[in-house]
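Hi,

Here is the structure I promised to pass on.

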Amino acid sequence: MLRQIEGSRAVAETVALCRPEVVCAYPISPQTHIIEAVGAMVKEGLLSPCEFINVESEFAAMSVSIGASAAGARTYTATASQGLLFMIEAVYNAAGLGLPIVMTLANRAIGAPINIWNDHSDAMAVRDSGWIQLFAETNQEAADLHVQAFRLAEELSVPVMVCMDGFILTHAVEGVDMLEQSVVDGFLPPYEPRQVLDPDDPVSIGAMVGPEAFEEVRYLAHLRQMDALVRIPAIAKAFEEVTGRASGGLLRSYRTEDADTIVVALGSVLGTIKDAVDIRRDAGERVGVVGITSFRPFPREAVREALSKASRIIVIEKAFSIGFGGVLATDVALVVQGSNSKVFSVVAGLGGRAITRRSLEDLLAQSARGDLKSLTFLDLDGAAVDRERTRMANTRRSGPSAENLLRDVGTEHAASKVKS
Amino acid sequence: MTRQPVRFYQVGSFAVGNRLLDDEDRTVQSNPNRTNSIDSGHRACQGCGEVLGARYALDAAMRASNGQLVAVNATGCLEVFSTPYPETSWRIAWLHSLFGNAPAVATGVAAAMRVKGKSEVRVVAQAGDGGTVDIGFGCLSGMFERNDDVLFICYDNQGYMNTGVQRSAATPPAARTATTVTAGPEPGNVFGQGKDLPRIAMAHDIPYVATATVADLHDLEQKVERAMEIHGARYLHVLVPCPLGWGSASNETIHIARLAKETGLFPVFEAEHGTVTAVSPIRRRTPVEEYLKLQRRYAHLFGQTPRPDIVARLQEIADENIARYGLITNDSEDSVSTGVTA
Amino acid sequence: METPFAITLDAGTSRANHTGSWRIERPLYVDRLPPCNNACPAGEDIQGWLYEAESGNYEAAWRKLVEVNPLPAVMGRICFHPCETACNRVQVDDAVGINAVERFLGDLAIEHGWTLPATALDTGKRILVVGAGPAGLSATYHLRRLGHQVRLVDSAEQLGGMMRYGIPAYRLPRATLDAEIARIVDVGVEVVVGHAVRDIEAERRAGKFDAVFLAVGAQIGKRVDIPAGDSSKVIDAVSFLHQVAQGDPPLLGRRVAVYGGGDTALDAARTARRLGATDAVIIYRRNRERMPAHGEELEQALGEGVTMRWLSTVDRFEDGRLVLETMRLGDQGSPEPTGEYEELDADALLLALGQDTDLSLLEGAHDVVVNDGVVEVQPTMMTGEDGVFAGGDAVPADRTATVAVGHGKRAARGIDAYVMGTALESAPKHELATFDTLNTWYYTDAPRTQRPELERIRRQTNFEEVVGGLTEENALFEARRCLSCGNCFECDNCYGVCPDNAVIKLGAGQRYQFDFDFCKGCGICVKECPCGAITMVPERI
Amino acid sequence: MFQIRIHGRGGQGVVTAAELLSVAAFAEGRHAQAFPSFGSERMGAPVVSFCRIDDREIRTREPVMVPDALIIQDVTLLHQVDLFSGLSSEGYVLVNSSKSFDELGLGEFLRTFHSERLLTCPATEFALEHLGRPLPNAALLGGFAALTHQITLDALDRALRDRFDGVVGERNAVAAAAAFQYVIEQEEGLVRASPN
């Protein structure tokens, strides 16, 4: 049923339809609405049987999830940002143990400076942990991906992280076609663990593995993700068959058929990008978009195929590897190497900075002119940066940059207000 | 709960077995069909106290749960020496995740068992002192506070032995470790630091807290049994001497654990809902020197420049324990757990 | 369950890892010699029979006991139990009441009519045993068990020797003695009483005996020359006790003095009290610490009103008055006269100054060596004369019934070897289970059960038994106080304390076995064995 | 696409107002998107929320920078926040106040705007009257419906009753209707007055 609903609520209700048996909660913005809603459903008896556990940290949340999953329960939790980093040791552990936990990551920047707004730094920090990472473009997709995530995780015994942009999606109220319980039940079979803690058939889970087998263990994990490259589209197709809705998959292309410039991005910014692309198309540019849903495993072949005809590839992403550049851009560049296409890395929307259609249009125009640099920071306040650089050069005790910048920007803002 | 003493049955109340007792009055360890939760072939040091403590506790828990037990293990010696690929020494369902998260993982297992309708399956989490009082403390406190249905057992060997004997918050004053060397005016670990986890556990008001040593098997098994009768968060703190870390002879493990209790340095008691309900009285009061001299980690107190002043301070700690818990009783030559009035 | 590679492992697979290779020393189960066994003159396996008694298996305990000593009810009364003196439990609290348990078992056997074990097949060898005291009876029993024919000869009218004629009935009821002697005779012994052997060689030839055992005892009381008036009654204590035993007590008067410091002196004084003496005074030249009599006996005597004159010698006895010289102890502890005198009124003086052996029957046996009034013997108990063995009070040793029982057994084995032409092999003696080999933590402290004593007043006037027996409950309790020094009693400690599960429990009575595939040689089992029955030995290189 | 920006203070229901608008639009078969100005503002701090209404799918996720309508819940914000940023003279302005724009000192600034798209509405007074609490949301939205015709009163009524249970829903609906009626009457007054 189509409902006008907050993204968090849509995800929470969809997760509940997946009949999780253990859910752990630790509050951190912007995922709190999800976990609050699941908790309420458990308390109200709408989701049963389910153990809802208020833990003392994200580290505990993932740890409880590990125990529950190893004991054979379908397990769910959600986190964001610092929370993900606080649980990172357990995040790796869950993947290493092959436990099919599903976690929502309400993407948010990582401090310092502390920042509660959206970007993808958190997801990128656990890129190599062994979790499957799926990025949702809309709240509809966010909801749908959770159903697919449980099936994928449990088929492969790999944990799955559904990434949805914090606030931008989690707090947005928009139309979501909510699934029926019977549809979910038909799509998602009961969890049949590959290994389980059973007193009647005891095994030791979590052995110490030395050099003689560690590489093989890791390679097997890699192979499971390679299997996922097959299973993700298959599951999306199966999902489409029962819901009539195309959600998930490895990636989705938009107006790329004849495009010589293709923008590549993850998550909700794709909508704004599409609007900008439409406008540039109207202006006669051959521009398209590829939205990547499955960031890990990274669909090399599908990406290469989707980008094969483009000469210019602009990777816009809400994260970057300090000291190098875009993270997604690096992956894309590696995939298309050897072709004639050039990859441009655009870092945008860090710490919640709005990525506006206007800026994107300008970016595309710049690209069309051939002025785009290989690494661009969208809407960067160069003047503020320069002032801080100067200050740092002039005095040793220049103070903290974040506070200095805030002071500068605030002054500027106040000045502009006076003008208006 | 008091244990019936076995007076005058040749070996009295302390030996592992007693052919003169009825089967049900014998220890789990005396039973040829005991679980051997942790089996031969493990790579613990000669004379390891921790593996003994683990087998004692888990075999008792296995009996108490009719074999329906899952154990969660923190990283540490016990984990490393028991499960190096491709062999495990565990005969029970066992899970290792991380160093600091055993209580939370156990919470998860217990929740899963409950939601799966397997209420008969009981969950034990175990860790060394580092995994308990230091890195695992946050998760442990959370597990206590939620009163999750987990028995947490700390095998306290008073330091990070797995990593080569470093100080933990359970390392006693004056003890030498790799990070509390015997230099300076106060050699070894400093006085006035450290966590008394049993008391912290009691402050959580959980239903059951107890301490024990590997030297009194009957007491240890009885406490496990009592703990297993209760649902909710339970804490058992077992002193397990470490020949490597303490610099003691491998055959002295049990003897040293016994002296830790008999000196008063390690009070053995049990508490329910935050109140001490019983103590194991000191049977043969022993000066701390006798305990300390068996361990090279205290050798600097007795060497060419002996430090009787430091020994005296350690004796003070023992005396304070004795006073706090009432460890000297009228029949202190008769170490039966005695109820105390709180 | 098909488990994921490497991170998940099948239960208990570490048994493939044989940690026994770590070992540089290995534990070894041993049987050490318990101090009680070591001290027992009769050679009893005390720890062994207590082990059976501990589990309430009294018949098995008794059977183990009579493997060595056929007179447990007797010994349980009159033995001065050096086993208890040696008992390691003394250092924990108080010795195990071994003697009392022995008596309990002996009495229980009489009550139930348990019979001694069957004898071996007849060897056709004939042995003459001279003297039916404890040595003779013991030798007879053991010889019969070995299948030899025995003629037991005694000059008295009844069997028992000093047990019958020297030990007062209040210490050894005659019914008990009779029952245990009868049980020995019942295994098939040719008994000749009232026959004094005059010439041992002649008797041996006449009877075509393959060997002879002399157990003639020391029946002659030593006399010293004490000036005494005609009316002064001076009797040797041995004769006095013998007469009392025969039911013909001499008249002593109301004031009786006994001269001597041994057990016979105490027996005589206590017997005199029972015969009506109001004063029974023991005169001894040393002090209490140096008195050879057993402390327990002295306590009982004092309790019965016997009084002591320490550091005194009898100078003369005239007209119902003893003149005593006061002594003092010299540097070496020997009494020295002081020249000071005092007097003591007495109607009779009993001399308890030791006994001599009548060896006149050996005159024809030229090779027998007699030295200082007793017969020299080899470890097999054979004298210098081929086929002639001797034991008991007639050979150099402590003159106690228990020693005599031991001699009887040892002589029987010596005789057996001699007549069968085999070599006598003695089992290697185990290392002593000293107190320091024990881990006493495991033994709870328990006081010794005190044998109930008859009220003193009763015991002063008759010859009823003074020391009562244990009830079954007490006997069991007492048996269970045994520390089982040096011998495994299956406490499961080694099985329980092994960090490597490397001790295999073989089942009740079967003890344990080390699993050297896994034993790392830590030695905790050795340290925590209560009874010191495990030792560490270097690993074979 | 019609884009609305709502200004208010934390605790006044700014976010709920945007959501209710979107729900009402959705109920009438339109696409709608509501979202807050994501922040960690506490009670009393100035906050902003957004709503977009369109007849086709709304893909953009950028904040509303060029609003078609402004709803100002709290006049005390007028001189603290850049409320009118991006608003063209074609835009709608609805202010919760019993005072006129002139009285609020905005007369000059709004002179170039269409007067029939500007309105002050004493929503807090409606709220006090019908809800008994100074929560102007429902009344403002009623006023908004009447002013812009982007949503119907009927759809708003259902959204309010859906969002708030029982009596509270009823009272909110009544407050909204009252404000709606007030605005209609004001507009009629304006229409009547305009010939002058």
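A definition to begin with: pLDDT is the predictor's confidence in each residue, on a scale from 0 to 100. This is a predicted model, so to speak of local features we need pLDDT of at least 70, side-chain atom pairs count only at pLDDT 80 or more, and totals for chains, interfaces and linings use all residues. Residues are numbered from 1 along each chain as its sequence is written, while chains are lettered from A and ligands numbered from 1 in the order in which they are written.

Chain A first. Its average pLDDT is 95, and 97% of its residues score at least 70. The stretch to watch is 414-420 of chain A, where pLDDT stays under 50 and the model has 2 contacts beyond four places in sequence (a contact means C-beta atoms, placed from the backbone, within 7 Å). Where pLDDT is low, the predicted coordinates should not be read in detail. The chain splits into domain 1 (2-198 + 206-243), domain 2 (251-377) and domain 3 (382-419), with bounds from an automatic or database domain assignment. Between the C-alpha centres of domains 2 and 3 of chain A there are 31 Å.

Now for how chain A meets chain C. The contact involves 17 residues of chain A and 10 of chain C. On the chain C side these are 7 nonpolar, 2 polar and 1 charged (nonpolar: Ala, Val, Leu, Ile, Met, Phe, Trp, Tyr, Cys and Pro; charged: Asp, Glu, Lys and Arg; polar: the others, Gly among them). Strand β9 (residues 203-205) of chain A also pairs with strand β1 (residues 8-10) of chain C, antiparallel and over 3 bridges; pairing requires at least two bridges found by DSSP. In that pairing, A:V203 sits opposite C:D10.

Chain C touches chain B too, with 48 residues of chain C in contact with 46 of chain B. That side of chain C comprises 23 nonpolar, 13 polar and 12 charged residues.

Finally, chain D has 5 helices and 6 strands (DSSP runs numbered from the N terminus: helices are H or I, at least four residues; strands are E, at least two). From the N terminus, the order is β-α-β-β-β-β-β-α-α-α-α. Of its 196 residues, 52% are buried, that is, with 20 or more other C-beta atoms (placed from the backbone) within 10 Å of their own. Along the principal axes, the C-alpha atoms of chain D fill a box of roughly 45 × 35 × 35 Å.

Cheers

Methods: Buried ≥ 20, exposed ≤ 12 C-beta atoms within 10 Å, placed from the backbone.
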